[in-house]
Amino acid sequence: MSSATGLAPLGSTLRVLEPAPHVLAFYDGRVPGVRLHGAQENWLDDGAYALGIASYAVLDGEEALVYDTHVSLAHARIIRETLETRGARRIRVVLSHWHDDHVAGNEVFSDCEIIANRETAALLAVHRARLEAGAPPICPLILPNLLFEQRLQLNIGSVPVMLFHMDIHSRDGTVALLPNGLLLAGDTLEDPITYVDEPDRLAIHLEGLERLAALGATRILPNHGTPEVIAGGGYGPALITATRLYVQQLLRLKAEPELAGLDLRTFAKAAFATGAVTYFEPYEAVHRRNVAAVLG
């Protein structure tokens, strides 16, 4: 911790996990009492670090694919240095969606192919000024330079990776399906609950969860989750069920406003009963925000 600022240096608490062959997880956060940017509410500390956040990489020989560039340039540099130390000479990037905690490190990979679906590119362009002036700022914001629609097949060395556009959490989600049913899920799924960004489109996101389940993933690595579960190989398919149950409960709010007063444990009782997700107190604030967003 810096005595001058009371903040931990960016990247100083980052852990590199190895949840599966050819897959690295760059996990940071869920460190009690530690903040990275400042005491005032901000997207980095409160929307990412406090909840725990991972970016991922697929590595085989001299080729690597980075799935999201993390919350700062310092984090992104650690990702790139780790991959290059392990032999990567060609690095490509995939953006899971446009939100700040997933694109903040893009500048470190500005000389690389940065892949996104067309919705992500459009939303980054729309929100560019806000992201570049944010707290902390992402300036300059480096935009994707290779776009796809619906799906895209990649090969990272000998490892096939299929990208799918998914309308969950945000209309521009991209998930990556790897061999043996391993899914990099971005923010389409979270442990314990999803963060509602488009409350008027929750019913559409519920349909998206059905499409996601149809991919047949056997292990799931979300960007926000428990480090021990991620290090152990990820979540089972029941994470999709838990997310669906929570979204369905949110959709009941307008007809049953009394649900709004429930704490997270009670409101999401059915989701927790699946055993797929674990209560984590900082998500009480996320839940309160979700309820307020749905009720308008």
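User: How many bridges join strand β10 to β11, and do they run parallel or antiparallel?
Analyst: Strands of a sheet pair through backbone hydrogen bonds, either parallel or antiparallel. In this predicted model, 3 bridges join β10 (residues 170–178) to β11, and the two run antiparallel. Here strands (E, at least two residues) and helices (H or I, at least four) are DSSP runs numbered from the N terminus, and two strands pair if DSSP finds at least two bridges between them. L177 stands opposite L183 in β11. The hairpin of β10 and β11 has 3 residues between the strands, and N180 in the turn has a positive phi of about 65°.

User: What residue numbering and confidence limits apply?
Analyst: Residues are numbered from 1 along each chain as its sequence is written. Local features need pLDDT of at least 70, side-chain atom pairs count only at pLDDT 80 or more, and totals for chains, interfaces and linings use all residues.

User: Which strand runs parallel to β11?
Analyst: Strand β12 (residues 219–224) does, joined to β11 by 5 bridges. The bridge partner of G186 in β12 is P222.

User: Which strands does helix α2 lie across?
Analyst: Helix α2 (residues 73–85) lies across β2, β3, β4 and β5. Strands β4 (residues 63–67) and β5 (residues 90–94) run parallel, joined by 5 bridges, with Y67 opposite V94.

How values were computed:
Side-chain values use heavy atoms; hydrogens and water are left out. Contact means heavy atoms within 4.5 Å. Axes are lines fitted to C-alpha atoms, for helices over the stretch in contact, and angles run from 0 to 180 degrees between N-to-C directions.
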